[in-house]
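Hi,

Here is the structure I promised to pass on. Have a look at it first, and my notes follow below.

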Amino acid sequence: MNALKTILAMALLVGIIAATPEFKGYEVGDTASDFRLKNVDGKMVSLADYRDAKGYIVIFDCNTCPYSKAYNDRIIALNKKYASQGFPVLAINANDPDLSPGDSFEAMKSQAKRKNYDFPYLVDETQDVARTYGATNTPHVFVLDKVYEKTLKVVYIGAIDNNSRNASAATKKYVEDAVDALLQSKSVPTTKTKAIGCTIKWKNS
Amino acid sequence: MKSILVLALLTVGSGLLVAQSAEIVKIGDLQKLIEKKSDKILVMNFWATWCAPCIKELPHFEQLTTSRNDVDVHLVSIDLDLDPNPDKVYRFIARKKLKSIVYLLDERDPNSWIDKIDNSWEGAIPATLVVNRETGKRKFVSKELKEGELEQLINSLK
């Protein structure tokens, strides 16, 4: 009888787990969690390592996606412009290297070296960070505002600007507008945008 | 005379290259296709020549085009978002001998049109919209479809 009860309870539990909707990642306004990921130099990096940061520009990116290539120089420029003002860029590659060999850790190292990255390029091997944040595309930007000590708020999710093909033709620079607003203690003008991009190459589960 | 011959050959050659073409469309055209009254199920797939998972799932859509007459398959290339020259897409269509209808979406600002296809779409491709244009019922998926999944989607809207 007890065994039957256990089986029933387990069946119920499985039912509940199966019925729970899939976690969709962060929305603007959510509190973001820190992570600890391996950088191309072999060292582990966390957001908390940046004690003086006012916030962060977290970008899910990769080597191979044509959109990542098109935006690469713009990502490098974002760090050059904003790291010194307290908003460093952290790039994260979550692509499964089995599905996308050009996004292996070795390939990440060459990419960072070739383009002289002066920001971390982190590997999300378990894909947990990408899932937690709700990243779907590359490049996919999350601007975080450090509200207090370790409290981080998501203030912008989306694209870098509104012209993938040509940076100088972009009429909206979403990420710059968001960070500029934060630097002036103003509210972010556009908090969420969508853009065409490559899907993150999720491991086959 | 010689140059005319060369020119003629070139013209024939380029004609062969773009034997099967694709119409360049705007988001409004796609909306018209989605809303058009029809007893056929609409399958609209968003893809690009650079997208490996898109190309992997293409045979499922081609299979549908050749095997079912109760379904309209539209393959919408978003290649033009990055590259203004459509030739790469024309060559791809010719090389793969695609039988489904292909459109080239010519829109500059994805944030202005992605929601018009589906609110849940973040813009990653491949993505596929399936619509029963009699009942208005629709399903949208933003992932690579495996063998059989497309038929399941269609049948769920019947």
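The contact between the two chains draws 16 residues from chain A and 15 residues from chain B, where two residues count as in contact if their C-beta atoms, placed from the backbone, lie within 7 Å. On the chain B side that touches chain A, nine residues are nonpolar, four charged and two polar (Ala, Val, Leu, Ile, Met, Phe, Trp, Tyr, Cys and Pro count as nonpolar, Asp, Glu, Lys and Arg as charged, and the others, Gly among them, as polar).

Please keep in mind that this is a predicted model, with local features needing pLDDT of at least 70, side-chain atom pairs counting only at pLDDT 80 or more, and totals for chains, interfaces and linings using all residues. Residues are numbered from 1 along each chain as its sequence is written, while chains are lettered from A and ligands numbered from 1 in the order in which they are written.

Strand 10 (residues 197-199) of chain A pairs in the parallel sense with strand 5 (residues 124-125) of chain B, over two bridges. Strands are DSSP runs (E, at least two residues), as are helices (H or I, at least four), numbered from the N terminus; two strands pair if DSSP finds at least two bridges between them. A:Gly197 faces B:Ala124 of strand 5.

Next, the backbone. The B:Ile125 to B:Pro126 peptide bond is cis, with omega near 5 degrees, and B:Pro126 sits in the loop between strand 5 and strand 6 (127-132) of chain B. Another cis peptide bond joins A:Thr138 and A:Pro139, with omega about -10 degrees.

Best wishes
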